[in-house]
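Dear colleague,

I am handing over the structure we spoke about, with my notes placed below it. Please read them alongside the coordinates and tell me where you would look further.

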Amino acid sequence: MEVRHTVEIAALVAAHNGRLIESRAPLPTFPLELVSKTAADRARMWEREFDASDGIAPSSRRGRFGRSLREAAEEVLAAEVLTRVWAATLIACDLRRGRVHAEPVARGILLAQLRARRRVLELLVAATDARLAEWAPVDDLRRRAERWTDLLLGRLVVEHDVCDLAFDAERAREFGAEQLDGGPAAGSRQVWEFVLAGIQLAFAGAARCPSPLAAHHRAIAGAVLATFPPQSFAGDGPFRPVWQGWLRRSATSKSPPEARGRIAGPHSPGGGPAAPR
């Protein structure tokens, strides 16, 4: 699972999260717990990866998995798009239902992500003149990730005031106002085709090598999709290749032990989590 696939899942969530927020059904507990645990594990592994490079000559710095720190940094920045969109969705669900249930999970997931982000920013700040050319693409990716996050959060910022999940609250609010002013057409298939195409183009240059944390990304994506009501993604047009690709990668790859066999795909029977063992 490449890092760009995580951002595609974030767009899928943004396109359909209204169905989850407006649903009267309680959010399933197991997927929330799985996302929380897997995201925390992933953040710890990122931390160890960055720690493993300390004290190594800059010209040969590699993380504990042997990949370059630039690849690890790009992965963190791309993953944050889904983290923020999903956290905002959970908070909006609680606000809509008038209860506190998912927000603590959302805040915990975001906190774990922010710890990894801090390490990436430290690397960007520490880049010497000789390494600026190497790290410039990472900083460019950071800017793109922030802008796309604000676009995907726009409607939630306007409707549910989740401003602290955006990078630039005013920018997100402007995006949201444009989306809502467009009426039903703003959520049309054609609009989301443009959004998905833009995301794929913006993140096409991100790390393409299979990530050593791919199983964690798959488990998180699967748990996120499993919280949606059944048939949420039926006939979802431009996003059909997104969830089909996710199912294909999940079927041919191993997941973290705690996730194996417990999360059904978005179009599997029941459309949600299998019973915990």
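From the N terminus on, the elements of the chain run α-α-α-α-α-α-α-α-α, and the secondary structure accordingly comes to nine helices and zero strands, where helices (H or I, at least four residues) and strands (E, at least two) are DSSP runs numbered from the N terminus. The model is a predicted one, in which local features need pLDDT of at least 70 and side-chain atom pairs count only at pLDDT 80 or more, while totals for chains, interfaces and linings use all residues. Residues are numbered from 1 along each chain as its sequence is written, and side-chain values use heavy atoms, with hydrogens and water left out.

Of the 277 residues of the chain, 52% count as buried, a term that stands for under 20% relative accessible area, with exposed meaning over 50% and partly exposed in between (1.4 Å probe, protein chains only). Where contact means heavy atoms within 4.5 Å, 74% of the contacts between residues at least 6 apart in sequence join residues at least 24 apart.

Helix 4 (residues 103-126) packs against helix 5 at an angle of about 140°, with the two axes 10 Å apart; axes here are lines fitted to C-alpha atoms, for helices over the stretch in contact, and angles run from 0 to 180 degrees between N-to-C directions. That angle makes helix 4 oblique to helix 5, given that angles under 35 degrees count as roughly parallel, over 145 as roughly antiparallel, 65 to 115 as roughly perpendicular and the rest as oblique. On the helix 4 side, R117, L121, L123 and L124 meet W135, V138, D139, R142 and E146 of helix 5. By class, this contact of helix 4 with helix 5 has five nonpolar, no polar and four charged residues, with Ala, Val, Leu, Ile, Met, Phe, Trp, Tyr, Cys and Pro taken as nonpolar, Asp, Glu, Lys and Arg as charged, and the others, Gly among them, as polar.

Two aspartates are also worth noting. D150 lies in helix 5 and counts as buried because its relative accessibility is 0%; leaving aside residues up to four places away in sequence, D150 touches A166, F167, D168, R171, A172 and F175. D161, by contrast, counts as exposed, because its relative accessibility is 53%, and lies in the loop between helix 5 (132-160) and helix 6 (169-181). Although D161 is not a glycine, it has a positive phi of about 55°.
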